Protein chains: 2
Amino acid sequence: MTVTGPKGFRAAGVAAGIKQSGALDLALVVNDGPESAAAGVFTRNAVKAAPVLWSQEVLRHRKLRAVVLNSGGANAATGPGGFQDTHATAEKVGEVFETGAIEVAVCSTGLIGERLPMDAVLSGVDTAAKALDASPEASLNAATAIMTTDTKPKQSWKSHAAGWSIGGFAKGAGMLAPDLATMLSVITTDAVLEGDALDAALRAATRVTFDRLDVDGGTSTNDTVLLLSSGASGVTPALDDFTELLTAVSLDLVLQLRADSEGATKDVDVVVRGAASEQDAINVGRTVAEDNLVKTALFGSDPNWGRIAMAVGRSQAEVDPATLSITINGVPLFAHGTTAEDRSAADLSGRAIELVIDLGVGTSTATIYTTDLSHGYVEENSAYSS
Amino acid sequence: MTVTGPKGFRAAGVAAGIKQSGALDLALVVNDGPESAAAGVFTRNAVKAAPVLWSQEVLRHRKLRAVVLNSGGANAATGPGGFQDTHATAEKVGEVFETGAIEVAVCSTGLIGERLPMDAVLSGVDTAAKALDASPEASLNAATAIMTTDTKPKQSWKSHAAGWSIGGFAKGAGMLAPDLATMLSVITTDAVLEGDALDAALRAATRVTFDRLDVDGGTSTNDTVLLLSSGASGVTPALDDFTELLTAVSLDLVLQLRADSEGATKDVDVVVRGAASEQDAINVGRTVAEDNLVKTALFGSDPNWGRIAMAVGRSQAEVDPATLSITINGVPLFAHGTTAEDRSAADLSGRAIELVIDLGVGTSTATIYTTDLSHGYVEENSAYSS
């Protein structure tokens, strides 16, 4: 049990016929209460898909009764007609659960630019509604129904000793395959919290987890993370405790997303320390994480600190070459501006890679989660594979 | 004749023994006058190589008698010792030509983090000095001696009807191979211009040419473009005319650099129009040019406008999806917010790709020159090839 681990939630994943393959492609997550507070964070991309535009509006009210998610189409770049389709989907779910469409969030993932087959979507909602329950199978089906090129569903569930828990699923890792660019996640909890508290916790947790996953720089047209609370545990946790467990669940999902990035052969943590500000630390981390020369070197298991130094230098953070240090998998290769141990001392043959970059100009830190750049990535993402 | 095309210049390229292969690895360009005005632009990377630190200081005086360039080592991340080596090189050249080291610029390219073999460098200066002349062979040797993984030297020479000309050579295209990240260019002219005028012209020309070449986002530790004027034509051109020809020579070199990028199978022009500001146009162009999903789609000759839309949307420029249009090789695929022609109408099978992105929110424009992302790039840049 994951998304249905916390009390008060039911889920379903069905084959609605949106995907021509007949695979599971429509998921429902329903909050049976007693509470229905919710929060959401969405892509900053200026080209937002219809479901994002809809769900962003809905989440202003900080209440959700249900979330409907489909794969087989992102409903992005589909104009006013696409927005009508999202609205119709929310209306349908609202009708089935006798609630307002305003309490239904919608998420979609798949090809950009194509309208959804609405007959299939709407009948799929009916089918999913009949399949709802709180079982592990239902959680798994929901997590599976939103997959596009993921090779496995990503789920998490963590409990607090005081008797409440947080669960959830996620798909995508920032650009996994042609046209599919979406990261979606639904997280549930039976802790008792108001919408504003959920929103604060969600922003704090996503800031250091989902927002720090950077496989290839992309933030898609559809990225969405939703948090629903049923209050069914009866326990009101301290906000700090809740945020801590939510961050742990988010990180668990993010590391699974990173591990399943298509073509990735390395799990790379870019740990930045000693920065003048947190934003500097993030900028350095992202620049290194997105640098194709760093990423291809890592694909080749090559401890190429020179390329890392170059990426750090072009990040526009405060950088002083004389205080810069670079350590790879525990071996200091460049320390305070001069070459340290010989690069042959660093072993990058395994999957786990840790790059520690100490700027030596302050005390701020940030970690960015990324992967290498391999032939597999090029193969998956060039037309040859479609 | 290229760098020695304009009157008043001599050049040489010799094998000094810096490269173990015995290939040409040290070049000299000497300004015999009567004038010696000069200007230079340098990498913005915070991790600057010793020769960049030196040459930046020298160019404050806007006078150059000579430029010495070596391949076989970038002399970057080499600390105070590396700076001493650069200074010693400039002193040596100054001694040979009976001028101050302060009128000698130094450029280096090659591996980062290793000290240069100074015996070879200093004796190489003597050898080059003896080989100096104004012949086409000398120009070619100089252009060749600075090559690292370039497969061919890049040269240009354009004349103005009023009797003055601009010539030059360049190497590199922003990250071509392991550890080699340098773009170097020396441009000469026999037009009569003061140092400040040369500086203004150089900045104007590089702004729309060298600064718009973006193969993989990298600006290296060593990037340098130098402009020397001998005044030997006796003609003082209008600054506009000079800037126009200098921009043409710069663009000629940039397109050659782009075409020789290792692994590149496509020459991609990202043309941005209708932006709210020029900076917005540049940001959009760079984000699209650096986006790995766009670049891999182009490698596959796939007119994937959805990925382009996503890259535009995350560029942080002012973007309105309802006024956005995307045209590939002349075929409008997305127009004013809705799908236009079917993607099958766009032919990307050839090497030349033009992406025209009209934001429809203003009148500013910018063009970024880039390439696709291919298996060849991954192969060249992962350790397997070293």
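A: Zero disulfides turn up over all chains, if a disulfide is a pair of cysteine sulfur atoms within 2.5 Å. This is a predicted model, where local features need pLDDT of at least 70, side-chain atom pairs count only at pLDDT 80 or more, and totals for chains, interfaces and linings use all residues. Side-chain values use heavy atoms, leaving out hydrogens and water, while residues are numbered from 1 along each chain as its sequence is written, and chains are lettered from A and ligands numbered from 1 in the order written.

A:Cys107 has 2% relative accessibility, so it counts as buried (under 20% relative accessible area; exposed is over 50%, partly exposed in between, with a 1.4 Å probe and protein chains only). B:Cys107, at 3%, counts as buried too.

Let's zoom in on B:Leu132. You'll find B:Leu132 in the loop of chain B between α3 (118-131) and α4 (136-145). (Helices, H or I, have at least four residues and strands, E, at least two; both are DSSP runs numbered from the N terminus.) Is B:Leu132 buried or exposed? Its relative accessibility is 9%, so B:Leu132 is buried. Leaving aside residues up to four places away in sequence, B:Leu132 touches B:Arg10, B:Ala11, B:Ala12, B:Leu28, B:Val30 and B:Phe97, where contact means heavy atoms within 4.5 Å. Then there's B:Val14: B:Leu132 and B:Val14 are 118 residues apart in sequence, yet their C-alpha atoms are 9.9 Å apart in space.

Another spot in chain B is B:Asp267, which sits in strand β10 (residues 267-275). With a relative accessible area of 18%, B:Asp267 is buried. Its contacts, again skipping residues up to four places away in sequence, are B:Arg258, B:Ala259, B:Arg351, B:Ala352, B:Ile353 and B:Thr370.

Stepping back to chain A, you can count 10 helices and 15 strands. Buried residues make up 61% of its 386 residues. Take the contacts in chain A between residues at least 6 apart in sequence: 80% of them join residues at least 24 apart.
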